[in-house]
Amino acid sequence: MLVSNSSSSSSTVNVKMASDGVWQGENPLDFALPLLAVQIAVILAVAQGLALALRPLRQPKVVAELLGGILLGPSALGRWGAFRRVIFPPWSTAALDTVSGLGLMLFLLLVGLELDFRAVRRAGPRSVAVAAAGIVPPFLAAPGLVPLLKLALPPAPRHAAAFLPLCVFVGAALSVTALPVLACILKELGLLGTPLGETAMAAAAVNDVFAWALLALALAVSGGSGPRGTPLAPVYILASGAAFVALMLCLLRPLMARLARRAGPERAAALASSSAGPVVACALLAGAVTDAIGVHPVFGAFVFGLSVPREGSLAERAREKVAPLVSGLMLPLYFATSGLHTDVDTVRGAAAWGMAALVVAVAFLGKFGGTFAVATVTGMARREAAALGVAMSAKGLVELIVLNIGKERKVLDDTTFAIFVIMALTTTVLATPFMTALYRSTPTATTPETDGTELKGGDACPA
């Protein structure tokens, strides 16, 4: 196994998969597989410990997992040279990122399997208006924020991103709402089954659709920034991506639905019981195709999940088999590795911290202001409208996907990446106490034990 060692040079070092043991004079942590096992165990232990510590504060698990990664990364323990060299040496980064990226692809497969277009179509005018009001103001603020970012944080020459890709990535990062985090917060506060909770979840579902469209746009406009990119590369990427989506949803999905109906209920149920392996394999293959197109592999896994028909329980059975592994192991690993890549120490000086405060303010006030205004205009009480605005400001998985891809594409430098991770953490951490303050004495709010709503994905708070 060849792993690039970027700590001292660009040379490639040969790293064996496993050692011959300490009795042969070898250190297992100098080999890929035992080191990866130790890294995963350390990450999960730290994340679980932080989750228990934050439980009295009713914080979603993503906060603990992301904080755990930041604690283990260059912002805290990673400053200790011995810890970094032994547990997270530079040559091990590729393997850890690959495993966490695989987990992300599987989770996006689950998201596609669970996303119900019928529920999005059933969303009432208020939910659609609330979703649009939460997306448009923050996204439109991006062109004004980007010049300030470039002024306050002069980038290194190799990170001098073009204006349009940076605008799209910043706008997408500011605009998204984390549907699983929102569901977890509402469930924790006993609001999931209330009219407020139903409106928030419907609006967040519509927001999710727009978020993935924004991510696809961000991937396309950044496609021509590579060393071999051509000026027409974004056009080719958009056209190829649109053709891929049309092929999956307009050809593959009806074909699979027809085969499921032709097989009959009994045969379809038998096939569905062993469907997890083929579904995962096809999702990974779809991810490889979108990577070849120039769009991130997670997009292919997500679109394939959308293309799996709901007839014959194929999607449900595959989700049941894959969800426990993803929510219990793979997804926490992705959040933690995002934290490991975050170096808060790069945010230095009054200008940088001022920009961090401004980004948090724009992300929160853009979401809150637009949502509150539309909710009150459509007849919602002011306190419920305020709670809805706070709930829609929570960030999570899609936010981190946008940020990590932006960093991979060299659109976001280390400082900008750290600032937006701080923003995601801040807005998510503040959502629960603000919601609690607004609804502490609400008589209509049900309790988590009695609202009767079950979250999907095998975890009460997956992301």
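Me: What makes K407 count as lying over the face of F417?
Reply: K407 lies over the face of F417 at 4.7 Å from the ring centre. A charge sits over a ring if NZ of Lys or CZ of Arg is within 6 Å of the ring centre and within 35 degrees of the ring normal, so K407 is called a charge over the ring of F417.

Me: What kind of model is this, and how are its residues numbered?
Reply: This is a predicted model, in which local features need pLDDT of at least 70 and side-chain atom pairs count only at pLDDT 80 or more, while totals for chains, interfaces and linings use all residues. Residues are numbered from 1 along each chain as its sequence is written, and side-chain values use heavy atoms, with hydrogens and water left out.

Me: Why is D414 called partly exposed?
Reply: D414 has a relative accessible area of 37%. Buried means under 20%, exposed over 50%, and partly exposed in between (1.4 Å probe, protein chains only), so D414 is partly exposed.

Me: How do you know that E65 and K61 form a salt bridge?
Reply: The closest N and O atoms of E65 and K61 are 3.9 Å apart, within the 4 Å limit. Both residues lie in helix 2 (residues 61–72), 4 residues apart, about one turn of the helix; helices (H or I, at least four residues) and strands (E, at least two) are DSSP runs, numbered from the N terminus.

Me: Where in the chain are R79 and D345, which form a salt bridge?
Reply: The closest N and O atoms of R79 and D345 are 2.9 Å apart. The pair links distant parts of the chain, 266 residues apart: R79 is in the loop between helix 2 and helix 3 (81–87), and D345 is in the loop between helix 13 (314–340) and helix 14 (349–377). R79 counts as exposed because its relative accessibility is 51%, whereas D345 counts as partly exposed at 27%. R79, D345 and R348 are linked in a network of salt bridges.

Me: How many aromatic pairs does a search of the whole structure find, and why is W80 with F83 called stacked or edge-to-face?
Reply: The search finds 6 aromatic pairs. The ring centres of W80 and F83 are 6.3 Å apart and the planes are at 15°. Rings of Phe, Tyr and Trp (its six-membered ring) pair if their centres lie within 6.5 Å, and planes under 30 degrees apart count as stacked, over 60 as edge-to-face and the rest as tilted, so this pair is stacked.

Me: What describes the aromatic pair of F83 and F88?
Reply: F83 and F88 stand 5.9 Å centre to centre with 55° between the planes, and the pair is tilted.

Me: Are W80, F83 and F88 buried or exposed?
Reply: W80 counts as exposed because its relative accessibility is 54%. F83 is buried at 14%, and F88 is buried with a relative accessible area of 12%.

Me: Which residues touch the most other members of the largest nonpolar core?
Reply: Of its 121 residues, these are L108, V170, L174, L397, I401, F420 and M435. A nonpolar core is a set of buried Ala, Val, Leu, Ile, Met, Phe, Trp, Tyr and Cys residues joined through side-chain atoms within 4.5 Å. Helix 9 (residues 195–221) gives the most to this core, with 13 residues. A second, separate core of 11 residues includes I43, L72, F83 and F88.

Conventions. Salt bridge = Lys/Arg side-chain N within 4 Å of Asp/Glu carboxyl O.
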